[in-house]
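Visitor: I have just opened this one and would like a walk through it. Could you take me along step by step?

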Amino acid sequence: MTRVVSGIKPSGELNIGGYAGALHQFVAMQDQYECLFFVPDLHAITVPQDPKELFRRSKEMAALYIASGVDPRKATLFIQSHVPAHTELGWLMETGAYFGELSRMTQFKEKSDGKEGISAALFTYPALMSADILLYQATHVPVGDDQKQHLELTRNLAERFNKRYGKTFTLPDPIIQTLGSRVMGLDDPAKKMSKSNPNQSSYVLLMDSPDEIRRKFARAVTDSEMRVSYDWDNKPAVSNLIEIYAVFSGETTNVIEGRYEGRGYGEFKKDLAEVVIDKLIPIQQRYREIVDSAELIHVLRDGALRAADVANETLRMAKKAMGLFVIE
Ligand code: AQP
């Protein structure tokens, strides 16, 4: 059996990078595998969050999952903090994680670089992430480029735990997708499109209006040539746009290159905006229907109960294996 676990942090508004690298994949995977998708609100608070915003965004992120096609009848959908086993196993996993290996995490280095008041939680975040995965005995985890290192650490922590205390956790394998695994900023193809980037022109949000989407793509950086060709080494900005086009249209990068041969960037960017708008409009409509509905609350309650059933059993096994005083 293939069981998949994944989530997108409610640390900002969802953009097309998170859609391409995660949400879009969730929808495809729910028909093939047993899936658990969650909103990792506990990960969002590893950096300061405005409480009102966090509350709003967690709910909105869950609504966007559903609006994008995650079907609660096929996949289990829940908010991380609704299943307390995550924090509990997170602590247990921290006890087996070494300071040295956590210090080597690229994401920690990037997110802490030059900052003051870095939380201990930002440092130990990968241990909580390992708990998110191991609690459900996930066999596979879809990972964007930047999460590969964390998944490798999860495997190491699980292996170490199993060796020390007896076989308790399944070691998860990555599902590495090719297209859309690293969508770059529209302003700078050297930087990942990121929710917390203060420059609003660097991303297209799932909830942006058609005019905003047209404006942002029109402004997206390209290069001094006029050739629409897919070549990451020499033409990263254009390749990034081609890849977005491919994810949103379902076409291959070859087909797209062929269509725009000799036609220049202006037309390509205009069409790209329309392809993205066509995909996002129905998502936005469905989102508005459910974001404040009782249906959403019902789905999340039910999802948390279903997830907790599996999670609590694993947690109990882990505690017992470690010699904690578990009363049967
Ligand atoms: N630009 C991206 N391209 C492809 N995949 C992406 N993902 C995020 N951005 C891109 C993938 O989405 C999943 C969930 O990511 P996350 O939001 O939990 O964490 P993140 O990668 O840290 O996202 P951001 O946007 O950069 O958020 P902040 O700025 O708050 O840290 C992951 O699988 C990720 O790869």
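**A strand and its partners**

Guide: Strand S2 covers residues 34-39, and because 5 of its 6 residues are buried, S2 is largely enclosed by the rest of the structure. Buried here means that 20 or more other C-beta atoms, placed from the backbone, lie within 10 Å of a residue's own, while 12 or fewer counts as exposed and anything in between as partly exposed. Helices (H or I, at least four residues) and strands (E, at least two) are DSSP runs numbered from the N terminus. This is a predicted model, in which local features need pLDDT of at least 70 and side-chain atom pairs count only at pLDDT 80 or more, whereas totals for chains, interfaces and linings use all residues. Residues are numbered from 1 along each chain as its sequence is written.

Visitor: Which strand do 5 bridges join to S2?

Guide: Strand S1 (residues 3-7) is joined to S2 by 5 bridges, and the two run parallel; strands pair if DSSP finds at least two bridges between them. In this pairing Ser6 stands opposite Phe37 of S2. S2 is also joined by 5 bridges to strand S3 (residues 75-79), again running parallel, with Phe38 opposite Phe78 in S3.

Visitor: And what do S1, H1 and S2 make?

Guide: Together with helix H1 (residues 16-29), S1 and S2 make a right-handed β-α-β unit, where right-handed means that, with the strands pointing away from the viewer, the path from the first strand over the helix to the second runs clockwise.

Visitor: Switching topic, what domains does the protein chain have?

Guide: The assignment gives domain 1 (3-176 + 293-322) and domain 2 (200-288), with bounds that come from an automatic or database domain assignment. Across the boundary, 12 residues of domain 1 are in contact with 11 residues of domain 2, contact meaning that C-beta atoms, placed from the backbone, lie within 7 Å. On the domain 1 side, the largest share, 5 residues, comes from H1.

Visitor: Where is Pro189 found, and is it buried or exposed?

Guide: Pro189 is found in the loop between strand S5 (173-175) and helix H9 (210-219), and Pro189 is buried, with 22 other C-beta atoms within 10 Å. Leaving aside neighbours within four places in sequence, the residues in contact with Pro189 are Met184, Val221, Pro236, Ala237 and Asn240.

Visitor: Last one: how many residues surround the ligand?

Guide: The ligand is surrounded by 22 residues, of which the closest are Ser11, Gly17, Gly21, Gly144 and Ser196; a residue is near a molecule if its C-beta atom, placed from the backbone, lies within 6 Å of it.

Notes:
Contact = placed C-beta atoms within 7 Å.
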